Amino acid sequence: MTALALPTGVDLHLYILGTLLAGAGVTVVCTAGALVLSVAAAALLAGLQSFGGVAARVCVFAYVEFFRAIPVLALLFILYFGLATIGLKMSPMPAAILGLGLNGAAYCTEIFRAGILAVPSGQSEAARAIGMRRWQVMRWIVLPQAVRIVLPALTNLAINILKNTSVASAVAAPEIMFLARNLVNETYLSPQIYLSVCLVYLLISVPMMKLAGWLETRVGVTAAKR
Amino acid sequence: MARNLETWMPLLLSAAVQTIELMLIAYAIGLVAGAFLVAMRLSTRRWLAATAGAYVTAIRGTPALAQLFFIYFGLAELGLVMSSYQAAIIGLGANAAAYVAEIYRAGIESIPRGQVEAARAIGMRTPMVYRYVVIPQMVTVVLPPLCNQGIVLLKETSVASLIAAPELMLRTRELVAESYMPLELYVIAALMYFALAFPLAQAVRLLEQRLRHPR
């Protein structure tokens with residue numbers, strides 16, 4: 001690595017910029033993967049919570065409370081370094097996406113639960129009274145409304161996952177923080193590089209914050225119309 | 001394993017105490033700096049409000065890890081050299097301040113404007129309005145999210161291990177390097193965080209219910 005000569009002048013800046021943008025791409029992929037995993041797992045968990053028996057609900061509670069109480073970093077270390085010692089070797093990216101997904105699923109389950117509870121129970125009771133089955137009530141009455149209610153919170157979850165992906169640099173996932181640390185080791189330009197990294201994160205997160213705010217006003221409008 | 005536990009546990013427990021210390025100091029900084037930030041944010045002076053708003057967005061839009069790296073490695077390059085513990089305290093405190101300021105703001109905005117205007121109308125000045133009208137009522141609104149922020153901060157301290165600040169995760173990594181038993185050690189560390197955060201989370205839940213349905 002050190003044998004390679006570093007570019008100088010404008011080329012150096014282009015080299016740093018290009019590396020950081022490549023890292024940003026990996027960050028986005030990692031965020032998207034973890035978000036999809038979170039939503040899928042949370043849909044399953046929220047379903048268990050709504051339709052399952054006492055045992056299922058206890059399991060969901062245990063899952064949510066456990067993964068919300070431990071730091072993402074500890075979880076990633078368990079998945080990446082810990083499981084490798086018992087023969088479950090994972091590459092950095094799958095480990096990062098799995099860890100961030102397991103963590104995100106806990107928060108997402110809470111979001112879904114709040115969304116389902118936000119639909120007035122009188123509607124479900126009315127639907128049951130006209131003979132709909134419980135899954136039909138969920139499918140046709142609760143979910144269409146709950147989906148709109150959870151959208152702002154889901155956007156905030158995506159922002160949190162985006163920020164958490166930075167921790168995946170500790171398990172050598174080649175996202176922006178990891179590449180930035182390597183760049184700093186090569187160039188010693190740490191203030192410039194870490195500030196640029198922050199700017200890249202802001203370029204992704206600020207539009208998402210704006211989207212969350214906009215969705216919140218939209219949900220507020222539909223809620224007021226009811 | 002049992003003999004390992006005997007040597008590990010005292011080290012890990014003292015590291016957990018360091019984690020709690022780090023969290024409490026950063027939290028205290030966040031609570032105080034957050035108050036200043038929200039005062040700026042609600043100021044009638046445009047530039048003050050805009051500066052505070054930009055600060056909150058910048059902190060909330062970037063990961064704590066990037067902030068810590070900038071403060072610890074970046075500022076050192078610019079001549080401001082800090083120990084990793086100092087950098088962790090300042091970084092996590094500055095991070096918490098932005099979130100705390102948003103919580104305070106939501107609390108202040110939850111008080112109907114009419115009350116503030118009425119207090120003004122009977123001759124109260126701004127400090128009095130806050131002291132006797134706004135703050136007593138806002139406590140119930142801000143207390144649960146403030147406690148939740150404390151829990152978030154407790155977990156966030158783990159990230160400070162990546163700039164080698166002395167706390168639970170760093171000590172765990174050191175023990176892993178010595179013993180090469182990562183699974184056991186990281187699970188123990190995770191359980192220790194759980195033992196700290198889970199009771200707190202349940203307490204906040206109870207508090208929320210109490211505040212929602214006062215007796």
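Me: Is A:Arg128 buried, partly exposed or exposed in this predicted model?
Reply: Happy to walk through it. The relative accessible area of A:Arg128 is 44%. Buried would mean under 20% and exposed over 50%, so A:Arg128 counts as partly exposed.

Me: Nice. Which residues form a positive surface patch?
Reply: A:Arg128 lies in helix 5 of chain A, residues 121-129. Membership of a patch calls for over 30% relative accessible area, and A:Arg128 has 44%. The patch is made up of A:Arg57, A:Arg128, A:Arg133 and A:Arg134.

Me: Where is A:Val119 found, and is A:Val119 buried or exposed?
Reply: Look in chain A at the loop between helix 4 (92-118) and helix 5, where A:Val119 sits. Its relative accessibility is 5%. The cut-off for buried is under 20%, so A:Val119 is buried.

Me: Leaving aside neighbours within four places in sequence, what is A:Val119 in contact with?
Reply: Contact here needs heavy atoms within 4.5 Å. Beyond those sequence neighbours, the partners of A:Val119 are A:Val142, A:Gln145, A:Ala146 and A:Ile149.

Me: Now chain B, please: how many helices and strands are there?
Reply: Reading along the sequence gives α-α-α-α-α-α-α-α. That is the pattern of a chain with eight helices and zero strands.

Me: What share of the chain B contacts with a separation of 6 or more comes from residues 24 or more positions apart?
Reply: Chain B has 215 residues, 45% of which count as buried. Its C-alpha trace spans about 70 × 50 × 25 Å along the principal axes. For contacts with a separation of 6 or more, residues 24 or more positions apart account for 73%.

Notes: Residues numbered from 1 in each chain as written. Chains lettered and ligands numbered in written order. Predicted model: local features only at pLDDT ≥ 70, side-chain atom pairs only at ≥ 80, totals over all residues. Heavy atoms only, no water. Patch = residues over 30% accessible without salt bridge, like charges linked within 9 Å, V, L, I, M, F, W, Y side chains within 5 Å. Areas by Shrake-Rupley, 256 points an atom, 1.4 Å probe, with all protein chains shown as cover. Salt bridge = Lys/Arg side-chain N within 4 Å of Asp/Glu carboxyl O. Lys, Arg positive; Asp, Glu negative; His and termini not counted. Charge placed at Lys NZ, Arg CZ, Asp CG, Glu CD. Helix = DSSP H or I, 4+ residues; strand = E, 2+ residues; numbered from the N terminus. Buried < 20%, exposed > 50% of the residue type's maximum accessible area, 1.4 Å probe, protein only.
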